[in-house]
Amino acid sequence: MTKSRTQIVDNHGRPLTYVRLAVTDRCNLRCFYCMPAEGIDYLPKKQLLTYEEMERMLQVLAGLGISKVRITGGEPFLRKDLVYFLRQVKAIPGIEEIHITTNGVLTEQYIPDLVKLGINSVNLSLDTLDRERFHKITRRDEFEKVMQTYHALLANQIPVKINAVVMEGQNIEDIVPLAALTKEHPVSVRFIEEMPFNGEGQHYPKVTWNYRKILEELQAAFPDLHKVSDAPHSTANHYSVPGYKGNIGVIAAFSRTFCGTCNRIRVTAQGGLKTCLYGNDVLNVRDILRSGASETVLTDELLKAFNNRAKDGYEVEAQRPILLPVFESMSMIGG
C-alpha cells in the first residue's frame with residue numbers, strides 16, 4: 001500500500017516543497033565571500049550525517065510533501081560515493097526533482113553519471129570569466145577546470161544555472177560579460193547580492209551592489225532587456241534580451257524581497273535544520289535519528305519547527321542574540 005503524502009504548510013500559509021541538503025562542509029576553494037583565507041575548522045566525519053541518515057530524513061520529508069532536493073555543500077563532490085547517494089535519493093517515492101550546486105572543480109568526471117540519473121539541473125558557482133580575478137576571489141587557480149565543466153554540462157544538455165555573487169571591488173566588471181553568455185548559450189546567469197556568510201562577518205557596512213544597482217548595470221549594457229516570467233517560488237527576478245538563448249536572473253539575497261513565497265528549508269551537513277537562511281538551527285535531525293527515535297517522533301519535531309517559522313529573514317535575524325554578527329561560513333550552512 002502506498003504511503004499517503006501530506007503537504008507541509010508553515011504558520012504563514014507558505015507551502016514547503018524544497019529542501020537544500022548539504023552533504024559536506026568541506027570545500028576545495030576559499031572564496032572571499034564564503035570563508036576566510038585560512039579556511040574554517042571542518043567537522044569530524046562522525047559529526048556529519050551519514051548517507052543512511054540523510055536518506056531516512058528525506059523519506060520522512062518526502063512523505064510530508066517535499067518533492068525537490070538540492071544537493072550542496074561545501075563542495076558536494078568532495079564527499080566520497082556521492083553518485084551512489086544520488087541514486088538512493090532518486091529512488092525515494094515523492095522526490096520528483098534532484099538538483100546540484102557545485103563549484104565545478106571536480107564535477108566534469110561525474111557528468112555521464114548525472115546524465116544517467118536524470119539530474120534536473122546543475123547550479124555552477126562562477127563569479128568571473130577572468131582567470132586572474134577567479135584566482136583572487138577563490139584563492140585557487142582552478143578556472144580552467146570550472147570552464148571545462150561548464151562546457152561539458154552544456155554539451156550533455158544538462159540545464160545549467162550560473163551563480164555569480166556580485167562583490168564591490170572584486171568582480172563588478174564581470175557582470176556584463178557573464179550576462180553576455182546568454183546570447184549563445186541556453187543558460188540562466190543569476191547575479192546574487194553578497195550575504196554576510198563568510199566566516200568573518202560582513203565585509204561592508206551595507207551592501208552597495210543591491211539588486212536595484214545590479215539591474216541598472218544590466219539595463220545600461222542591454223537596453224532591450226525585459227522582464228520575463230518567474231517560476232513559482234523563484235528567488236530570482238528573470239530578464240531576457242531578445243534573440244538571446246538564455247536568461248538573466250537577479251537575486252535579492254540580502255535585501256530579502258522573496259521571503260513571502262519562500263518554499264524551502266535547509267539541512268546542514270551536521271543535521272541542523274534551518275527554516276530560514278538567516279536564522280539559527282531550529283532542530284538537529286542527526287541527534288534525533290541517533291537517539292533511536294521513530295519516524296513518528298521525527299515527523300512531529302519537523303512539523304513543530306515548520307509551524308514556528310519566522311515571517312521573513314529580518315524577523316529571524318532579529319531573534320539572534322543581541323549584537324551577534326553572522327560569523328557562519330556558507331560552506332557550513334550549505335550554499
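Helix 1 and helix 9 cross in a right-handed sense (the near helix is turned clockwise from the far one by less than a right angle); helices are DSSP runs of H or I with at least four residues, and strands are E runs of at least two, numbered from the N terminus. The model is predicted, with local features requiring pLDDT of at least 70 and side-chain atom pairs pLDDT 80 or more, whereas totals for chains, interfaces and linings use all residues. Residues are numbered from 1 along each chain as its sequence is written, and side-chain values use heavy atoms, without hydrogens and water.

Helix 1 (residues 51-64) packs against helix 9 (residues 295-306) at about 60 degrees, the axes being 10 Å apart; axes are lines fitted to C-alpha atoms over the stretch in contact, and angles between N-to-C directions run from 0 to 180 degrees. The pair is therefore oblique, a class left after roughly parallel (under 35 degrees), roughly antiparallel (over 145) and roughly perpendicular (65 to 115). Arg56, Met57, Val60, Leu61 and Leu64 of helix 1 meet Glu295, Leu298, Thr299, Leu302, Leu303 and Phe306 of helix 9, contact meaning heavy atoms within 4.5 Å.

Leu21 belongs to strand 1 (residues 18-22). Leu21 counts as buried because its relative accessibility is 0% (buried: under 20% relative accessible area, 1.4 Å probe, protein chains only). Leaving aside residues up to four places away in sequence, Leu21 touches Met54, Met57, Leu58, Arg70, Ile71, Thr72, Phe85 and Val267. Its C-alpha atom is separated by 8.7 Å from that of Ile265, 244 residues apart along the chain.

Overall, the chain contains 11 helices and 12 strands, and buried residues account for 55% of its 335 residues.

Methods:
Buried means under 20% relative accessible area, exposed over 50%, partly exposed in between (1.4 Å probe, protein chains only).
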